[in-house]
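Student: I am new to this structure. Please show me how to read it, one feature at a time.

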Amino acid sequence: MKVIHHPFRSAVLLSGLLAVAACTDTSSEPAPVAVKDAVATVNGVAIGAETLNVYARNRMRQDADALTDEQRDNLIKELQDLYLLSELAKQDKLDRDPETVAQLDFQRRSILAGAFANNFIETNEPTEEEIRAEYEKTTTGDAGKEYKARHILVPTEDEAKALIAELDEGANFEELAKEKSTGPSGPSGGDLGWFPPNRMVPPFSEAVVALEDNAYTKEPVQTQFGFHVILREGSRDLAPPPFDTLKEQIKPRLAQTKFRDFLDAEREKATLTP
């Protein structure tokens with residue numbers, strides 16, 4: 001009997017080998033692989049190319065043909081160790097141990113269930129019409145608003161009140177901001193552009209939302225940055241993201257919903273007991 005001598009290189013390798021073995025369906029004997037089609041053998045038992053490929057995906061997250069020669073050789077050695085250990089387990093009748101039998105059955109059913117779920121999703125992809133209908137459903141209604149505003153930021157409440165008094169007398173907001181504001185938008189007349197409320201700190205955004213278009217705050221608005229006088233120049237409905245932007249997010253969600261609906265229907269038809 002020819003025995004392949006190949007010591008484990010570390011406890012980590014053994015741990016990884018057993019972890020991957022736990023993901024392998026060994027609950028029933030696979031169809032034998034012809035020796036001429038084997039990538040390696042263990043005591044005359046052939047290890048097939050597809051077995052190596054499955055093992056490579058589990059261990060290396062890539063197909064076997066994408067591996068370097070060294071990586072491929074290492075995986076084949078690990079598979080040979082796996083085959084040797086599994087045969088030793090059978091010799092010791094560990095494959096008849098109730099817990100081991102239950103684990104093997106669980107792994108087999110998990111693999112089959114996953115294969116069915118993946119196949120269902122691949123063969124029942126949401127149509128363009130279904131994706132668009134879901135897009136319309138999730139983007140209708142109040143999509144929110146965004147606002148255009150200017151502000152003048154000063155250190156004290158008294159300075160802010162003095163600015164409001166000047167505005168009440170007809171001063172130009174933009175010119176006052178250029179002259180008085182200590183904020184970074186001062187040189188541009190306090191222009192903040194368009195923004196949704198959640199982009200600003202709460203006291204500021206609440207004041208903007210409460211204003212009418214083309215109106216300014218009659219009382220200073222205090223934030224951690226100082227005291228603001230705010231002019232709301234405009235408001236508009238916030239447009240939802242375009243269909244093409246959300247399509248790839250909606251598609252997998254719909255696919256999962258389809259599968260869940262299918263599974264719920266199968267549960268209704270099945271005879272299930274607690």
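Student: What ground rules apply?

Tutor: This is a predicted model, where local features need pLDDT of at least 70, side-chain atom pairs count only at pLDDT 80 or more, and totals for chains, interfaces and linings use all residues. Residues are numbered from 1 along each chain as its sequence is written, and side-chain values use heavy atoms, with hydrogens and water left out.

Student: Is threonine 217 buried or exposed?

Tutor: Buried means under 20% relative accessible area, exposed over 50%, partly exposed in between (1.4 Å probe, protein chains only). Threonine 217 has 7% relative accessibility, so it counts as buried. It lies in the loop between S5 and strand S6 (221–223).

Student: Which residues does threonine 217 touch?

Tutor: Contact means heavy atoms within 4.5 Å. Leaving out residues up to four places away in sequence, threonine 217 touches Ile164, Ala207, Leu211, His228, Val229 and Ile230.

Student: How do I read strand pairing?

Tutor: Two strands pair if DSSP finds at least two bridges between them. Strand S1 (residues 38–42) and strand S2 (residues 45–48) run antiparallel, joined by four bridges. Valine 42 faces valine 45 across that pairing. The hairpin has two residues between its strands, and asparagine 43 takes a positive phi near 50°.

Student: Which strands are joined to S3?

Tutor: Ten bridges join S3 to strand S7 (residues 226–237), antiparallel. Alanine 149 stands opposite arginine 232 there. Three bridges join S3 to strand S4 (residues 191–195), also antiparallel. In that pairing, arginine 150 stands opposite aspartate 191.

Student: Why is S3 called largely enclosed?

Tutor: Eight of the ten residues of S3 (residues 145–154) are buried, so the rest of the structure largely encloses it.

Student: Where does a charge sit over a ring?

Tutor: The test is NZ of Lys or CZ of Arg within 6 Å of the ring centre and within 35 degrees of the ring normal. The charged end of arginine 132 sits over the ring of phenylalanine 243, 3.9 Å from its centre. Arginine 236 has its charged end over the ring of tryptophan 194, 3.9 Å from the centre.
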